[in-house]
Amino acid sequence: MITFKSVFDQYDWETIKTKIYNTSAIDVECSLAKTKRNLDDFLALISPAAQPYLEQMAQLSHELTKKRFGKTIQMYAPLYLSNECQNICTYCGFSLDNKIKRKTLTDTEIKLEVEALKKTGFDHVLLVTGEANYTVNINYFLNAIEQIKKDFSIISVEVQPLSQEEYERLHEAGVYSVLVYQETYHQEVYKKYHTKGKKSNFDFRLDTPDRIGKAGIHKIGLGVLLGLEDWRTDSFFNALHLDYLQKTYWRTKYAVSFPRFRPAEGIIEPNFIMDDKDLTQLICAYRLWNEDVEISISTRENEKFRNNIIPIGTTSMSAGSKTNPGGYVVDPQSLEQFEISDERSVAEIAHIIQQKGYEPVWKDWDRTYF
């Protein structure tokens, strides 16, 4: 079976990194002058040489986003169902080696969390769990979806990599999108961050979006954990992955998220620091390269950054997020996967979006369209 692995193996991390850092101002100007851009242009636009052109990139990104998506921001909320996990990951608060109280929501607790979210206006929920295959598995997911599908028009999931058959069952149950992050595409050091558990299998995780695409899921979300390795090189490989998926599963929609390191219980310090200016450059580079990709900004980011990035390339935002199971009402003190930065209420975020001249969209999809 042909998968992204066959494409990935044709590229070398150090070669790509050298190419990025050897990019010239002339290369950047040539990429900016184009109306249609390829992966080589994306590489130029994420390079250090592109930093002096950030204002121009931001203006172009604004115009392209407005043309393709209008002045709208899709609103969603994460709903953490469990912090049980069988993996040891050096950057995650849910890691198996963290001696914390583990919690998985019951049907009654899920209902209480849903009621709290619905009161704030959300109609798009992202179900999130740790990776505990024996307890938080496909049967648990299907049961949770059955409990909540009457309450939300859009259900997305961010859980452990599954088989194609399991993704097909999620699709049949009404799941709209699946998010899966490779964390880092630096294969040689991947094992250093993932020392135990199924997640330590680099190739299995790398091929997960192929299984999602084959299962017919409507949208796939990609991303890397910004801070593990050089963000420019990791982001090139993430774009390479996206490029392959769009060409192979062309009926599917795609989104990119930008999780930056946040404090959490028992995690390592980031190896690479990515400041707000860097992240703005990366978001603009994605938009200039790919007009169709959706760009999501979570509450990991601070208030000032989230306010300013709204007109530049964003298409979806979370608000009022809790990153612990039961965090909305059931068990607010349970362990968070990471600390959020923007703690403003849902109403405050919606008001800021409107002040920027944009419309917060709570529903733009219905399962009857499947």
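Does Tyr286 count as buried or exposed, and at what relative accessibility? At 1% relative accessibility, Tyr286 counts as buried, where buried means under 20% relative accessible area, exposed over 50% and partly exposed in between, with a 1.4 Å probe and protein chains only. The structure is a predicted model, in which local features need pLDDT of at least 70 and side-chain atom pairs count only at pLDDT 80 or more, while totals for chains, interfaces and linings use all residues. Residues are numbered from 1 along each chain as its sequence is written, and side-chain values use heavy atoms, with hydrogens and water left out.

The chain contains 15 helices and 11 strands; helices (H or I, at least four residues) and strands (E, at least two) are DSSP runs, numbered from the N terminus. The radius of gyration of the chain is 20 Å, which agrees with the value near 21 Å that a compact globule of 370 residues would have. That radius is taken over C-alpha atoms, and the globule rule is 2.2 Å times the number of residues to the power 0.38. Along the principal axes, the C-alpha atoms fill a box of roughly 60 × 45 × 40 Å.

Of the 370 residues, 60% count as buried. The accessible surface of the chain comes to about 15300 Å², and 50% of this belongs to carbon and sulfur atoms. Accessible areas come from the Shrake-Rupley method with a 1.4 Å probe; for residues, only the protein chains shown count as cover. Among contacts between residues at least 6 apart in sequence, 75% join residues at least 24 apart, a contact meaning heavy atoms within 4.5 Å. The chain carries 45 positive and 52 negative charges, whose mean positions are 2 Å apart. In this count Lys and Arg are positive and Asp and Glu negative, whereas His and the chain ends are not counted; the place of a charge is taken as NZ of Lys, CZ of Arg, CG of Asp or CD of Glu.

Tyr286 lies in helix H13. This helix (residues 276-289) has 14 residues and reaches 20 Å from its first C-alpha to its last, close to the 20 Å expected at 1.5 Å a residue; the expected span is 1.5 Å times one less than the number of residues. Because 12 of its 14 residues are buried, H13 is largely enclosed by the rest of the structure. Among the buried residues of H13 are Asp278, Gln281, Cys284, Arg287 and Trp289. Leaving aside neighbours within four places in sequence, Tyr286 is in contact with Phe42, Ser235, Asn238, Ala239, Leu242, Val256, Phe258, Val293 and Ile295. The C-alpha atoms of Tyr286 and Leu126, 160 residues apart along the chain, are separated by 23 Å.

In helix H7 (residues 138-148), the buried residues are Ile138, Tyr140, Phe141, Leu142, Ala144, Ile145 and Ile148. The cover over these residues includes strands E1 (72-82), E3 (124-129) and E4 (154-158), together with helices H6 (107-119) and H8 (164-173).

Helix H6 also holds Leu112, which is partly exposed with a relative accessible area of 40%. Not counting residues up to four places away in sequence, Leu112 touches Val329 and Val330. Between Leu112 and Tyr328, 216 residues apart in sequence, the C-alpha to C-alpha distance is 8.7 Å. Pro325 and Glu109 are likewise 216 residues apart in sequence, with their C-alpha atoms 9.5 Å apart in space. Pro325 lies in the loop between strand E10 (316-318) and helix H15 (346-355) and counts as buried at 0% relative accessibility.

Glu348 is placed in helix H15 and counts as partly exposed at 42% relative accessibility. Glu348 and Ile110 are 238 residues apart in sequence, and their C-alpha atoms are 25 Å apart in space.

Asn307 is part of helix H14 (residues 303-309) and counts as buried at 17% relative accessibility. Apart from residues up to four places away in sequence, Asn307 touches Arg344, Ile352 and Lys356. Glu183, in the loop between strand E5 (177-179) and helix H9 (187-193), has a positive phi of about 75° although it is not a glycine. At 9% relative accessibility, Glu183 counts as buried.
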